[in-house]
Amino acid sequence: MTHPGPAVTHAVPAGDPAGPGAYVLGVDSGGSGLRVALGRAEEPGPLATTVCAEPVRTGPGGIDAGHLLDQLLPAARELLDRASAAAPADAGSDAARALGGTPADGASAGAVAAVAIGAAGMATLGDRLRAELPGALADALGVRRVALAADAVTAYAGAVGQRPGAVVAGGTGMIALGTDLKEWHRADGWGHLLGDSGGGAWIGRAGLDAAMRAHDGRRGGSAALLDRLRAVFGPAEELPGLLYPRSDRPAVLASFAPEVAACAGVDPVAAGILRQAAGHVAEAAAAVCPAPAGSDGEPDEGDGAGEVALTGGLFRMGEPLLAPLRKELARLLPGARVTVPSGDPLTGALRIARALAAGDLRLPRHPTMLFVPLEQETGQCADPVVRDEPRSG
C-alpha cells in the first residue's frame, strides 16, 4: 500500500479542547504485535480495542512506517465502524463521516481528535514514524493532534498517569523512567548485552549460568536449577547449540526466569539471583525517581512525588522477586510509595491521546521520547532534555 506524504494541516491550539463526542485513538506497538484502542475524548476508558498479531517490521531505516499504517488504518476504521454501529443514529452519522477521511473541525463530534502511538524502539528507530505518520494520519483520518511516544513513556502514562513519579517496566528487558513533569530521567533499557539488569533475560541467564556451574562442578552452581535446565531444554551440554543460533536469545533466556523463581523457596542460589535482580531494579528506580516536591521538604502525597509503579510481566513472578525488591526500594527510596499500575501501555497511549485532545498534556515533550509534531511546527512548547544519568539531589 502506498501512503500519502505529509499533509498540509492547520495547527490546533494546544489549549483548544476537543468537542463533545470526539474520538481518540491509542496505539501500542511492540514485539507481540499492534494493539489499538478507540475512546471518547471526554470519557475514561476505551470503547473498543483490537489486536493486529503481526509485529511492525524494523529495517535499516528503522521502524517501518508503511507497515505500521497498513495495520493501523484498517484497525482504526474497524473500531470506528463498530462505534458507529453502537452509537445512536445521529452520533453514528458523525462517526461515519470520520471514516471517510475528510478532516473534521479539529474537535467536532465523531471526528478523531487525537492519536497517540507508543512503539518499542521509537526513541532510537522512530525517524520514519516521526516523518511520515502525522501527514498520513491527517489525510486518512482527519486527525490534527498526534503524539508519538517511546513505549516506556506510554508505560509510564498507563502506570502513573500525568503525575510526577517513576515507573519500572520489567519483562524480558528492564527500563526505569521517571519525571518531575519538567524532564524525563531514564535508567537502563540498554538491551541484554549492555544492561537490562534485573530483567527476565538477566535472571534467566544467571539461572542458566548457575545450572552450568553445577553441571561442571564449579563453585556457585545449583543442582536444582540444573534439574530445571534439563527439564526445559534437555541435556546441559546441548544448550549452547540450542541457544546461540537463535535470533530471539533474550526471550529464550527470559523463559528460564520463572524456573529461577520456582526454585527460590528451596534453593539459596536461586534466591540469591532474585535478590541481586531486585537490587538492580531498585537502583534503576532510585536513579530516576523525582525528589519530593513538598514545600516543607517532605514527600507531597498530593502530586505523586515518590511514587514508583512496577509494570510488566517480570513482576508476575510474585513474592520471590517482590519481597526483596520492596526491601531494596525501602532502603534506597525511603518513603516512596510502591504502587500497582492503574493501566498498561495501551491505556497510557489512550490517556496521552485524551490529554492531547483536551489541550491538557502535561508530560514533558521530547524529540524522541514524546514527540508532538504540530507543537514543534508552531513553537507551542519547548523540548526538555531526557537524562540518562541518575538524578542528584
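**View 1. Buried residues of helix α5 in the predicted model.** In this predicted model, the buried residues of helix α5 are A152, V153, T154, A155, Y156, A157, G158 and A159. Helix α5 covers residues 151-159 and is mostly covered, with eight of its nine residues buried. Just after α5, G161 adopts a positive phi of about 85 degrees.

**View 2. The largest nonpolar core.** The largest nonpolar core comprises 69 residues, and L25, I117, L133, L137, V153 and I352 have the most contacts inside it. Helix α1 (residues 65-86) supplies the largest share of this core, 10 residues. A second, separate core consists of 50 residues, including M212, A236, A257 and A284. In soluble globular proteins, nonpolar side chains tend to be buried together.

**View 3. Surroundings of L137.** Setting aside residues up to four places away in sequence, L137 touches L69, L72, L73, V115, I117, G142, V143 and V146. L137 is among the residues with the most contacts inside the largest nonpolar core.

**View 4. Helix α1 and its start.** At the start of α1, a side-chain oxygen of D64 comes to within 3.0 Å of the backbone nitrogen of G66. The 22 residues of α1 should span 32 Å at 1.5 Å a residue; the end C-alpha atoms of α1 lie 31 Å apart, which agrees with that expectation.

**View 5. H185 in strand β10.** Strand β10, formed by residues 184-188, contains H185. Because its relative accessible area is 3%, under the 20% limit, H185 counts as buried. The side chains of H185 and E183 are joined by a polar contact of 3.3 Å.

Note on methods: Residues numbered from 1 in each chain as written. Predicted model: local features only at pLDDT ≥ 70, side-chain atom pairs only at ≥ 80, totals over all residues. Heavy atoms only, no water. Core = buried A, V, L, I, M, F, W, Y, C linked by side-chain atoms within 4.5 Å. Buried < 20%, exposed > 50% of the residue type's maximum accessible area, 1.4 Å probe, protein only. Helix = DSSP H or I, 4+ residues; strand = E, 2+ residues; numbered from the N terminus. Contact = heavy atoms within 4.5 Å. Expected span 1.5 Å × (residues − 1). Polar contact = N/O pair within 3.5 Å; in protein donor to acceptor, adjacent residues only side chain to side chain.
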